[in-house]
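Okay, thanks for making time, everyone. I'd like to walk you through one model today, starting with a sheet and then moving on to some individual residues.

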Amino acid sequence: MPKKIIRNLQIGVVLSLILLIASSVASYISIRNQMENRESFLKSKESISLIKDLLNILLDAETGNRGYQLTGRENFLEPFNKSRKEYPLLVAQKGRFHLKDKQQMNTLSDLLQTSEAMMKGYVLLIENRKKGVLMTSEELIQNKRTMDKCRMLVNEFVKYEEIQLAIKNEDLNTSSRWTVLFILFSAVAAIGVTIFVYIQLKSDILRRDKLEKDLFRTKEMLEETSAVAQVGGWEANMKTGKLFWSQSTREIHKIKSNFQPTFENALGFYEGENEKRIRYLFDRAVQQGISFDEELQLLRNDGITIWVRVKGIPEFEDEICNRVYGIIQDIDTFKKMFLEITRKEAMMQSFATDVPIPLAMFDKVLNYVAVSSKWKEEFDIHDVDLIGKNLFSTSPDIPGERKEIYRNALLGQTYTDGNFKLKVKGKEEMQHYDLKVGP
């Protein structure tokens, strides 16, 4: 065989081997990266699942506490008791989050601290309710803020994981593209290399198909989590002027999937003072870098007005706002319930204060709940704030038989008398009063 042919054959073999080795190396690197990405992908899925379980436990605890506070019935505590058992078990698994990012670790730490404080607060509120001490509006507001913070931290955690999933998916795409290129080059050199690369490519495609299915399932889980929490995401890109709404945000606005949000039509869902307020908050965020978190009324596309919570965070680079992003949450049910409770409480207090007879209402331990002006006038106790104080401590000279009447009333016995002794300013007088004490 001529030396030239042998030399060309040798060159061809060497080139084929080089291409084969290069293709093999590239395929190995690609497979290794995909395996690492897949492992990281599964860890992210597990973290999202655990954080979703934590949010569900907190929601159960909130539901149980709220139901018991409103009704006083023990059966309403079932969700709370269940979540109270499950919460420490879930917290004990925090090592399964596999977090390496400092921001995510801080978010998880903040969430666990907040949720721990909230669970302890619920226990104290329920114990107080069992003692007859009703939950105050301040405590209700504080519980709402704490729960909102937990939702916010969960949303931040999930959103960050979504970004990481997108990055991992892009890494998978890049790895696959390089694999295909090396396969094409190696196929020119030798059929054997082509067959080998084809096997590798098929394996990669199968792996990628599985990862894409996992990614789709994870996306569905994230959407379900957002739907349960009734929270949607949004982002305003100040460079391009484009506005992005997540699917949950579109559902809150009751718009179709082909609706393209803009700055103007997005603000058009707010009317009157609500529109002025959201414009002011957004402009201030862009110009001064001040975040906002506001409760506003939103007119949905179906014509129904609801309460929403809108939070926005500006992002600056070189003192220029690049984007403003945040969340929107449907709080209509809770907000209306809160307003109704506030209204009814105000009505009860107004009635008790202004009724034209001496009237006082006590809790189960005879602490003042409401008292009329006529009561204070009758007993000459104008300058004393009676609410929350005990009847016997504010009126230590009540006779023993009267105390017995009050105690029997707590047991369900009603007492009515038209004449009884009344001590006013240290002097006991027999006067005609209609006294009625009952449960």
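Helices (H or I, at least four residues) and strands (E, at least two) are DSSP runs, numbered from the N terminus. Bear in mind that this is a predicted model, where local features need pLDDT of at least 70 and side-chain atom pairs count only at pLDDT 80 or more, while totals for chains, interfaces and linings use all residues. Residues are numbered from 1 along each chain as its sequence is written, and side-chain values use heavy atoms, with hydrogens and water left out.

So, the sheet. It's an open one, made of five strands in the order β2-β1-β5-β4-β3, with antiparallel pairing. Which are the edge strands? They're β2 (243–245) and β3 (292–299), and each pairs on one side only. On average, neighbouring strands in this sheet are turned by 25 degrees against each other, ignoring direction. For the angles, axes are lines fitted to C-alpha atoms, for helices over the stretch in contact, and angles run from 0 to 180 degrees between N-to-C directions.

There's a helix on this sheet too. Helix α8, residues 273–288, packs there and touches β1, β3, β4 (305–317) and β5 (320–330). Its direction makes about 145 degrees with that of β3. Contact, by the way, means heavy atoms within 4.5 Å.

Let's zoom in on β1, residues 231–237. Three bridges join it to β2, and the two run antiparallel. A236 has L243 as its bridge partner in β2, and E235 stands opposite F244 in that strand. The hairpin of β1 and β2 has five residues between the strands, and G241 takes a positive phi there, near 75 degrees. With β5, β1 pairs in the antiparallel sense over seven bridges; there, N237 has R323 as its bridge partner.

Most residues other than glycine have a negative phi. K254, though, has a positive one, near 60 degrees. K254 sits in the loop between α6 (247–253) and α7 (263–267). K254 counts as partly exposed because its relative accessibility is 42%. L366 also has a positive phi, near 65 degrees, and lies in the loop between β6 (360–362) and β7 (368–371). With a relative accessible area of 6%, L366 is therefore buried.

Now over to the helices. S83 is in helix α2, residues 78–91, and at 1% relative accessibility S83 is buried. What does the side chain of S83 have 2.8 Å from one of its polar atoms? That's the backbone oxygen of F80. Leaving aside neighbours within four places in sequence, S83 is in contact with I57, D60, A61 and M119.

N143 is another one to click on, in helix α4, residues 137–189. N143 has a relative accessible area of 13%, so it counts as buried. Not counting residues up to four places away in sequence, N143 touches N65, Y122, L125 and M135. N143 and G121 are 22 residues apart in sequence, and their C-alpha atoms are 8.4 Å apart in space.

How about cysteines? How many disulfides does the structure hold? Zero, where a disulfide is a pair of cysteine sulfur atoms within 2.5 Å. C150 is buried at 0% relative accessible area, and C321 counts as buried at 9%.

Last, the overall numbers. The protein chain has 12 helices and nine strands. Of its 439 residues, 37% count as buried. Among contacts with a separation of 6 or more, residues 24 or more positions apart account for 55%. The chain exposes about 25,900 Å², and carbon and sulfur atoms supply 56% of that. Those areas come from the Shrake-Rupley method with a 1.4 Å probe, and for residues only the protein chains shown count as cover.

That's my tour, so over to you.

Terms used. Buried < 20%, exposed > 50% of the residue type's maximum accessible area, 1.4 Å probe, protein only. Polar contact = N/O pair within 3.5 Å; in protein donor to acceptor, adjacent residues only side chain to side chain. Pairing = 2+ DSSP bridges.
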